[in-house]
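Biologist: I am new to this structure. Could you walk me through how to read its features, one at a time?

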Amino acid sequence: MDAAIQAKVDSWLASAIDESDKAAIKALPEEELADSFYKDLEFGTGGLRGIMGIGSNRMNKYTVGTATQGLSNYILKTFPGEEVSVAIAHDSRNNSRFFAEITAAVFSANGIQVYLFEELRPTPELSYAIRQLGCKSGVVVTASHNPREYNGYKAYWDDGAQVTPPHDKNIITEVNAIASIEDVRFEKNGDKIKLISTEVDEPYLQAILDLTLAKEAVENQSDLKIVFSPIHGTGITLVPEVLKRKGFKNVTVVEEQAEPNGDFPTVVYPNPEEREAMTLALNKAEEIGADLIMATDPDADRVGIAAKNNDGEFELLNGNQAATMLIYFLLKKWEENGKLDGNQMIVKTIVTTDLLDRIAESFKVDCPNTLTGFKFIAAVIKELEGKKEFIGGGEESYGYMISDFVRDKDAIASCAMLAEMCAWAKDQGMTVFDLLAEIYTQYGFYLEALISMTKKGMSGAAEIKQMMIDLRESPPEKIAGSTVTKIVDYQTSLSTNMLTGEEEAIDLAQSNVLQFFLEDGSKISARPSGTEPKIKFYISVNTPMAEKALYNQTKAALEARIEAIKTDLKL
C-alpha cells in the first residue's frame, strides 16, 4: 500500500467516525481500499459527485458533512450578522434522503435556518425555491444521470444558480480548510429545520403555466398522445401534473418506471440520452401510437424526447435537435406575439450546436456562448439582468431552460413546453420531424455526435490527462481530409488561426477544453468531464439542404462525415 494512502486510512481509523464504519474500512480488499482513499472526494466548482461507500474518495456522511461545514463557514462569513437560510432537496437515489438530512443537520448546527423538502423533488424546483424563500444558498442531493452506485451534492447561491466565481473557489477553500472530521458539527438543531412541500410546488407550477405561448393550439390538440417516463426518478412528482394543468388529456406514464427507486431496476443507466433507458417508453408509444415520448433523468433536470420519423419509426432526438426545435418555437411565437424588440437573448454553451446561433441571428436575438454547464448560462442571465430579456437556452446534454425564474436546466418546464411545441406543430399539420426538417431547409442541416470514453480510477485519470496533452502538443493538421483552420484552447484562453498563425484572446473563464474548426465547417471539441471519469468528444457537421425530401439523403452524408472524423481521430 502506498504510504500516503495508508496514512489517510490510518487517520480515518483514528478519528471519531462510527465504529461500524471503521470495521467497514478494515474489511475492504486492498485494491478497493486504495481507490477509496487515494484522494479526497473533490468538492469541485459544482459540489461533490462520487461512488457511495466509506473512504475519503467516496460519498458518505463524513464527506457530505465536511462539504456542508465548509459551505456553512463560507455562508456565515459572507453574510455576517444576518439571519441566513438555505433550501435542501434530494432525488430518488439510494441514500439521497440520508445525505439530505445530514446536510440539514450540519447547516442547523451552525445556526443556519434550513428549508428541507419533506419528500423528493426535482432539482429545478430547488433552484426556484431558493429565490422564492429568500435563501442565501441551497443544496440538492443527486448524481443526476450517473449509474446507481453514485450520488452527489450540488451547491447553489442566492440567485438560484449553481455557485460560480468567486463563490465556487472560495467555498472550495473553506471545505479544504476542514482539517478533520471532528471539525464538522453533526448535532442537528431541530428548531432550525422546517419541512416544506406544496407551498413551493404551487407557485413553481404556475410560473411554468404562465409561459404558454400557443394556448389555442394546445386546446385544439388536447388529445395529443404523450408517453412519459420518469425513469424511477423525481419527474413523477410534477411532470404528469403540469401536463394535465397545461390541458393535455392523453398522457400515458410508463408504469414500470413510475415508482421512484434508487436501484433503477429497469435500466442500466438512468439516462434519457441512452436508448436502453427509453426502451419501455418506446414500446408503450408503439402500442398506443403516440405523438411524443418524453423521459426525465432521476433529478428531472434533463429530458429526452422521441417521435415518429418520416419512415413511421420512433426515433430518439439528440439534445441538439430538441434544443433547436424548442428555441425555434420560442422565437417564432415571441415574434408572432409581437414580443421581440431587439432586447432579447438566448444562451447556449460552446459545445452545443451552432445552428442555435444561426436561428437567433435570423430573429435578431443575441446568442452569447458560455462554457459547459448551466451555471454559466445563469451567470450570463444575472450579468445582463435588466439589459437583455432571457427567452430560453440549452446545452447538448438534454438540458433546457425557459425564462429565468429557474436558474438551472429544468425538465419540468421543458416537458410542458416541448408538449406545447408538438401540439403547435400538429395544429399546422406537421409532425415533430416535419418541424425539424423545416428548420434544416431554412438554416442548414446540422448533425452532432458525442463520443464519451470512460476511464476509471487512478490510471484512467492519468490517461485522460495524457490525451489532452497529446492533442495540445501534437494537434492534427487535417481531420478526415479537411484542413484544421482554427484551434480554440479554453485552457490558455487563446484562439489560433492555423493558416496565418494569428492569435486572439478568448473572453471566457479558463477551462480544459479544446476545439478544432475545419475548412468544411465541421467542429470537434474535446472536454474531460468535471463530474465523471470520462473524456468527451463532441463532433458537429453541417451542410445545406434544399428541400425536406432530401432529409434522409442529407443525414446519411453527414453521418458518413462523422464516421470519417471518428476513424481519423481513433475515437
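Modeller: Start with a term. Helices, of at least four residues, and strands, of at least two, are DSSP runs, numbered from the N terminus. Keep in mind that this is a predicted model.

Biologist: Let me try a single residue. In which helix is the place of Tyr440?

Modeller: Tyr440 sits in helix H16, residues 432-443.

Biologist: Is Tyr440 buried or exposed?

Modeller: Buried means under 20% relative accessible area. Tyr440 has 1%, so it counts as buried.

Biologist: Which residues does Tyr440 touch, leaving out those up to four places away in sequence?

Modeller: Its contacts are Gln321, Leu355, Phe445, Tyr446, Met545 and Tyr551. Take Tyr440 and Glu547: they are 107 residues apart in sequence. From C-alpha to C-alpha, Tyr440 and Glu547 are 8.6 Å apart in space.

Biologist: Now a strand. How do I read the side chains along one?

Modeller: In a regular strand, side chains alternate between the two faces of the sheet. Look at strand S3, residues 113-117. Gln113, Tyr115 and Phe117 point one way, while Val114 and Leu116 point the other way.

Biologist: How many residues of S3 are buried?

Modeller: Five of its five residues are buried, and S3 is mostly covered.

Biologist: Which strands pair with S3?

Modeller: One is strand S2, residues 85-90, which pairs with S3 in the parallel sense over four bridges. There, Val86 stands opposite Val114. To get from S2 to S3, the chain passes through helix H5, residues 96-109. This β-α-β crossover is right-handed. S3 also runs parallel to strand S6, residues 193-196, and four bridges join them.

Biologist: Next, helices. How do I describe two that pack together?

Modeller: Two packed helices are described by the angle between their axes and the distance between the axes.

Biologist: On to whole sheets. In what order do the strands of the five-strand sheet lie?

Modeller: The order is S8-S7-S9-S10-S11, in an open sheet with mixed pairing. Strands S8 (251-253) and S11 (314-317) are the edges, since each pairs on one side only. Neighbouring strands are turned by 25 degrees against each other on average, direction ignored. Within the sheet, strand S7, residues 226-229, runs parallel to S8, joined by three bridges. Ile226 stands opposite Val251 in S8. Helix H11, residues 275-288, packs on this sheet. H11 touches S7, S8, S9, S10 and S11, and its direction makes about 140 degrees with that of S11.

Biologist: And in what order do the strands of the four-strand sheet lie?

Modeller: The order is S13-S12-S14-S15, again an open sheet with mixed pairing. S13 (369-370) and S15 (399-402) are the edge strands. Strand S12, residues 344-349, and strand S14, residues 389-395, pair in the parallel sense over five bridges. Lys348 has Gly394 in S14 as its bridge partner. Helix H14, residues 374-383, lies across S12, S13, S14 and S15, running at about 165 degrees to S14.

Biologist: How many of the residues of S14 are buried?

Modeller: Six of its seven residues are buried.

Biologist: In which sense do S14 and S15 pair, parallel or antiparallel?

Modeller: Antiparallel, over four bridges. Glu395 has Gly399 in S15 as its bridge partner. Three residues lie between the strands of this hairpin, and Tyr398 there takes a positive phi near 70 degrees.

Key: Residues are numbered from 1 along each chain as its sequence is written. This is a predicted model: local features need pLDDT of at least 70, side-chain atom pairs count only at pLDDT 80 or more; totals for chains, interfaces and linings use all residues. Side-chain values use heavy atoms; hydrogens and water are left out. Buried means under 20% relative accessible area, exposed over 50%, partly exposed in between (1.4 Å probe, protein chains only). Two strands pair if DSSP finds at least two bridges between them. A crossover is right-handed if, with the strands pointing away from the viewer, the path from the first strand over the helix to the second runs clockwise. Contact means heavy atoms within 4.5 Å. Axes are lines fitted to C-alpha atoms, for helices over the stretch in contact, and angles run from 0 to 180 degrees between N-to-C directions.
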